Amino acid sequence: MSASPLRLRFITSASAFEQLPELRAEVAFVGRSNVGKSSLVNALANTRQLARVSNTPGRTQLINLFGLDGRDDVGLVDLPGYGYAKVPGRIRRDWPEMIEGYLLERDSLVQVFVLVDGAIGPTPLDVQMLEWLRANQVPHSVVATKMDKVKSSRRDARRRDLAAGCDLERGDIVWTSTSNGAGIADLRHLVLAHLA
Ligand code: GDP
């Protein structure tokens with residue numbers, strides 16, 4: 001299978017999953033604000049531009065859907081970052097409901113990738129998210145970001161601690177770095193496998 005960049009194209013932003021076009025299969029990326037989600041989506045597509053779309057004012061709190069070029073029926077969803085303090089109160093109250101609706105009821109959702117900061121995670125909010133996904137039987141896996149920030153002498157211990165914190169086995173977690181490209185090809189493979 002090819003690990004070449006995913007050819008993603010922006011389809012639409014929506015404030016409720018019912019507004020999204022029907023697809024056969026899609027994967028979603030979610031994580032705490034600043035975890036490195038935009039950088040990672042850009043790295044998957046090998047562009048600096050793509051996730052900027054999701055970060056334009058007015059779109060950061062929306063469900064952003066990208067399609068895979070050449071395939072009409074599969075997609076990738078960039079969900080709003082959680083734990084973002086600077087949103088107006090009304091939006092802060094609304095978004096968990098909107099995300100919960102999407103995660104629980106979107107028929108085409110086949111896998112959620114929960115991003116956890118490799119250097120510091122999981123945070124209590126990450127653990128809460130993982131417990132919620134588990135309790136609701138939403139298929140998910142963990143992607144650790146910013147691997148380059150962990151000294152190589154500390155990596156073994158960090159891998160162990162992060163996995164234990166997420167209540168997962170070490171092998172269940174894909175470690176990535178957008179600074180040096182580690183794990184990006186693996187993640188592309190994984191995304192394509194879920195959308196196959
Ligand atoms: P988002 O809020 O989750 O979309 O996070 P961003 O992609 O905007 O990244 C947040 C910050 O982390 C930025 O300053 C990025 O440059 C930095 N960052 C993202 N990925 C990496 C990485 O793999 N390594 C390092 N060292 N920094 C990263």
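Mentor: Helix axes are lines fitted to C-alpha atoms over the stretch in contact, with angles running from 0 to 180 degrees between N-to-C directions, and helices are DSSP runs (H or I, at least four residues) numbered from the N terminus. This model is predicted, so local features need pLDDT of at least 70 and side-chain atom pairs pLDDT 80 or more, while totals for chains, interfaces and linings use all residues. Residues are numbered from 1 along each chain as its sequence is written, and side-chain values use heavy atoms, leaving out hydrogens and water.

Trainee: At what angle do the axes of α1 and α6 cross?

Mentor: Two packed helices are described by the angle and the distance between their axes. Here α1 (residues 37-45) and α6 (residues 184-195) cross at roughly 80°, their axes coming within 10 Å, which makes α1 roughly perpendicular to α6 (65 to 115 degrees).

Trainee: Which residues make the contact?

Mentor: With contact meaning heavy atoms within 4.5 Å, α1 contributes Leu40, Ala43 and Leu44, and α6 contributes Ile184, Leu187 and Arg188. By class, five are nonpolar and one is charged, with no polar residue.

Terms used
Helix = DSSP H or I, 4+ residues; strand = E, 2+ residues; numbered from the N terminus. Parallel < 35°, antiparallel > 145°, perpendicular 65-115°, else oblique. Nonpolar A, V, L, I, M, F, W, Y, C, P; charged D, E, K, R; others polar.
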